[in-house]
Amino acid sequence: MSPHVLILGGTAEARRLAAALAARPGIRVTTSLAGRVSRPGALDGEVRVGGFGGPGGLASWLREERVDAVVDATHPFAATITGNAAAATAAARVPLLVLRRPGWQPGPGDRWHPVPSLEAAAGALPALGPRVFLTTGRLGLAAFAGLTELRFLVRSVEPPEPPLPPHTHVLLARGPFTVTDETALLREHRVDVLVTKDSGGAATSAKLAAARDLGLPVVVVRRPPLPDGVTALSDVPVLLARLDEVLARTR
């Protein structure tokens, strides 16, 4: 029977991994998407959309579908999914690999304010300026809803979920973005402070360079920790090599 790999996806890295595995003869690859984006791009291999019903439901699915390995290639801030994957794979005795792009690192000229959560980011904003460029995605904006004196430019791929701050302008856009475009946007909206999650990767990093060039402070929400005993691999080729080792042991 062909080895079956489940990818918990939703990132560019998950897409590249699915393409690489689907191109290999004799491997069944299924990508699971949470369904938060209404029109995801085409994926190689099989695709499953929607949740599993928690760790127990995922463990049952792994057994029923005879999954040989799970790769968590979700967003670095998808802590619930990662926790469920760790619990489910332990229960089903299926190997788990985690793929995470490296986080961003501050450089000379950066004015970063690291914080542990969106709530902490909201608490830091009143002292940093009245006009905020908020790029933390469409979920979790309730943390900023009480900041009635500030003005927000909110950018997300799809319309954000309420509640929102009362003075909010929504910009629907998908990266990658250029430094030139980001600089123009910051100037057009007279932004005083940028808020972002440490998502890593190049697709949305231009805003950091633009903020540096303009001397703007950046509130950076740190990534949630991985579950105990779980480590992450940082790129697709390294993960593929480790996955080959794992699959070889299951045959």
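**Exercises on a predicted model**

**Exercise 1.** In which helix is lysine 207 found, and which side chain of opposite charge is nearest?

*Solution.* Begin with the location: in this predicted model, lysine 207 is found in helix H6, which covers residues 206–214. Next, consider its charge partners: lysine 207 is buried and yet has no salt bridge, the nearest side chain of opposite charge being glutamate 182, at 6.1 Å. A salt bridge requires a side-chain nitrogen of Lys or Arg within 4 Å of a carboxyl oxygen of Asp or Glu. Finally, list the surroundings: leaving aside residues up to four places away in sequence, lysine 207 touches Trp104, Thr135, Arg155, Glu182, Leu194 and Thr196.

**Exercise 2.** Determine which element gives the most residues to the largest nonpolar core, and which residues valine 71 touches.

*Solution.* Start from the core itself, which has 20 residues, with Val5, Ile7, Leu17, Leu21, Val71, Leu239 and Leu243 touching the most other members. Two or more residues each come from strand E1 (4–8), H1, strand E4 (69–72), strand E5 (96–99) and helix H7 (236–250), and H7 gives the most, with 6 residues. Then turn to valine 71, which touches Val5, Leu6, Ile7, Leu8, Leu17, Leu97, Leu99 and Leu239, not counting residues up to four places away in sequence. A second, separate core of 18 residues includes Ala121, Phe144, Val154 and Val221.

**Exercise 3.** Is proline 25 buried or exposed, and where is its place?

*Solution.* Proline 25 lies in the loop between helix H1 (12–22) and strand E2 (28–33). Its relative accessible area is 77%, and exposed means over 50%, so proline 25 is exposed.

How values were computed. Residues are numbered from 1 along each chain as its sequence is written. This is a predicted model: local features need pLDDT of at least 70, side-chain atom pairs count only at pLDDT 80 or more; totals for chains, interfaces and linings use all residues. Side-chain values use heavy atoms; hydrogens and water are left out. Helices (H or I, at least four residues) and strands (E, at least two) are DSSP runs, numbered from the N terminus. Buried means under 20% relative accessible area, exposed over 50%, partly exposed in between (1.4 Å probe, protein chains only). Lys and Arg count as positive and Asp and Glu as negative; His and the chain ends are not counted. Contact means heavy atoms within 4.5 Å. A nonpolar core is a set of buried Ala, Val, Leu, Ile, Met, Phe, Trp, Tyr and Cys residues joined through side-chain atoms within 4.5 Å.
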